Amino acid sequence: MENYDGISLFSGGLDSVLTARLLMEQGLRIKCLHYYSPFFGEPGHVPGWRDTYGLDIDAVDVSADFVDLLRRGPAYGFGSAMNPCVDCKILMMRRTKELLQTYGAKFIASGEVLGQRPMSQRRDTLNVIRRDADIKGILLRPLSALHLDPTEAEESGLVDRSRLLNISGRGRKDQLELAARLGITKIPTPGGGCKLTEKENTRRFWPVLARLSEPDVNDFRLADVGRQFWHGDRWLSIGRQKFDNEIYAGLIRGGDLHFKVIGFPGPIAVGRSARPWESEDVRAAASLVASYSPKAVQSGSAVSVRVTIDGKSSVVEVAPSRETVFAEPTWEAARDELYALRKPGAKQHAE
């Protein structure tokens with residue numbers, strides 16, 4: 001393993017590109033780490049980023065740790081949707097600290113900009129992240145460094161503080177000027193980093209956390225595919241397109257039900273629950289699946305749906321219908337439950 005001067009967190013956004021390149025401009029050896037989970041990160045983009053920006057980047061999977069964070073309930077709560085931004089930053093900083101010795105690095109760098117984000121980049125929040133991750137003295141934020149206390153790397157002379165910056169606020173003018181000076185011509189599109197900040201994704205993911213006792217990474221990956229329907233703790237995921245069907249093949253596990261309409265083109269679906277399915281719930285799910293096969297609906301008669309569980313199949317005859325006990329979760333319901341968690345004295349989910 002090669003030795004590096006520092007490890008820089010790399011999201012793929014402009015600030016993370018600038019942070020690494022600004023330090024490399026001082027002759028420092030920087031290893032970039034791109035963290036990913038079902039909710040954020042694009043590990044498939046790493047080779048392209050390496051070539052485009054001239055950076056040394058490794059992808060690191062934090063899926064299990066992040067889902068565990070959600071199960072426990074984020075200590076600093078959720079943001080505008082289901083995003084635990086402060087706790088997420090602490091998680092990634094802690095993981096990076098654990099990897100310092102692996103890479104022979106002396107400090108951690110982050111592209112955070114003072115005042116850029118209302119939840120996770122206020123001065124007080126930046127200090128909380130640094131404190132809770134136990135990285136005081138080794139966390140360098142080069143883009144806003146001149147607004148912040150010097151770090152050990154600066155005081156030792158490893159990093160030249162006079163060549164760091166004093167960017168703050170939500171504008172991007174300073175970053176774009178720096179990019180031009182560094183010869184960076186491909187500017188990443190701002191925003192869109194974490195699915196948990198979006199209402200559409202929150203309505204998909206929140207029922208998994210709220211209705212399953214021990215949700216895992218596989219559950220959240222399933223919630224990100226196709227259409228989602230719930231009846232209590234009965235969960236039905238129906239594919240929208242052929243690509244969804246291919247993803248289901250890698251997600252289905254023991255105890256899951258696999259639904260497929262016989263004799264008509266249509267989607268496949270996965271049914272999941274912690275307890276055995278009652279026959280009426282199986283029929284309701286099969287009827288709903290059949291309703292997404294246009295030709296089955298047009299037949300005007302009952303259709304056959306094959307239901308497979310653990311390799312054993314049976315066939316049920318149902319009328320295609322969307323009037324069943326299963327319903328799609330709504331953003332409004334998720335929002336109300338999340339809002340209740342923010343009230344004074346309310347406990348975080350999944351203690």
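**A hairpin and its sheet**

Mentor: In the hairpin of β6 and β7, 2 residues lie between the strands, and G232 takes a positive phi near 65°. Helices (H or I, at least four residues) and strands (E, at least two) are DSSP runs, numbered from the N terminus. This is a predicted model, in which local features need pLDDT of at least 70 and side-chain atom pairs count only at pLDDT 80 or more, while totals for chains, interfaces and linings use all residues. Residues are numbered from 1 along each chain as its sequence is written, and side-chain values use heavy atoms, with hydrogens and water left out.

Trainee: What is the mean pLDDT of the chain, and where does pLDDT stay under 50?

Mentor: pLDDT is the predictor's confidence in each residue, from 0 to 100. The chain has a mean pLDDT of 93, and 95% of its residues reach 70 or more. Over residues 346-351 pLDDT stays under 50, and the model has 22 contacts beyond four places in sequence for them; contact means heavy atoms within 4.5 Å.

Trainee: In which sense do β6 and β7 pair, and over how many bridges?

Mentor: Two strands pair if DSSP finds at least two bridges between them. For β6 and β7 there are 5 bridges, in the antiparallel sense, and W230 has W235 of β7 as its bridge partner. β7 is also joined to β9 (residues 268-272) by 4 antiparallel bridges. There, S237 has V270 as its bridge partner, and L236 stands opposite G271.

Trainee: What is the order of the strands in the open sheet with antiparallel pairing?

Mentor: The order is β6-β7-β9-β8-β10-β11, an open sheet of 6 strands. β6 and β11 (312-318) stand at the edges with a single partner strand each, so one side of each has no neighbour in the sheet. From one strand to the next, the twist averages 25°.

Trainee: Which residues of β7 are buried on each side?

Mentor: In a regular strand the side chains alternate between the two faces of the sheet. In β7, R234, L236 and I238 are buried on one side, and W235 and S237 on the other. Buried means under 20% relative accessible area, exposed over 50%, and partly exposed in between (1.4 Å probe, protein chains only). By that criterion 5 of the 5 residues of β7 are buried.

Trainee: Which strands does helix α10 lie across?

Mentor: Helix α10 (residues 242-251) lies across β7 and β9, and runs at about 35° to β9. Axes are lines fitted to C-alpha atoms, for helices over the stretch in contact, and angles run from 0 to 180 degrees between N-to-C directions.

**A bent helix**

Trainee: Where does α8 bend, and by about how much?

Mentor: The bend at a residue is the angle between axes fitted to the seven residues ending there and the seven starting there. For α8 the bend is about 30° at F205, and a proline, P207, follows within four residues. The helix covers residues 199-211, and its 13 residues reach 18 Å from first C-alpha to last, close to the 18 Å expected at 1.5 Å a residue; the expected span is 1.5 Å times one less than the number of residues.

Trainee: What covers the buried residues of α8?

Mentor: The buried residues include R204, F205, W206 and P207. Their cover includes α3 (63-72), α9 (217-223), β6 (227-231), β7 (234-238) and α13 (331-342).

**The other end of the sheet, and a second sheet**

Trainee: How many residues of β10 are buried?

Mentor: For β10 (residues 303-309) the count is 5 of 7, so the strand is largely enclosed by the rest of the structure. Antiparallel bridges join β10 to β8 (residues 257-261), 5 in number, and to β11, 7 in number. In the hairpin of β10 and β11, D310 takes a positive phi near 50°.

Trainee: What is the order of the strands in the open sheet with parallel pairing?

Mentor: Its 5 strands follow the order β3-β2-β1-β4-β5. The edge strands, β3 (57-61) and β5 (139-140), each pair on one side only. β2 (residues 30-36) and β3 share 5 bridges in the parallel sense, with D61 of β3 as the bridge partner of Y36.
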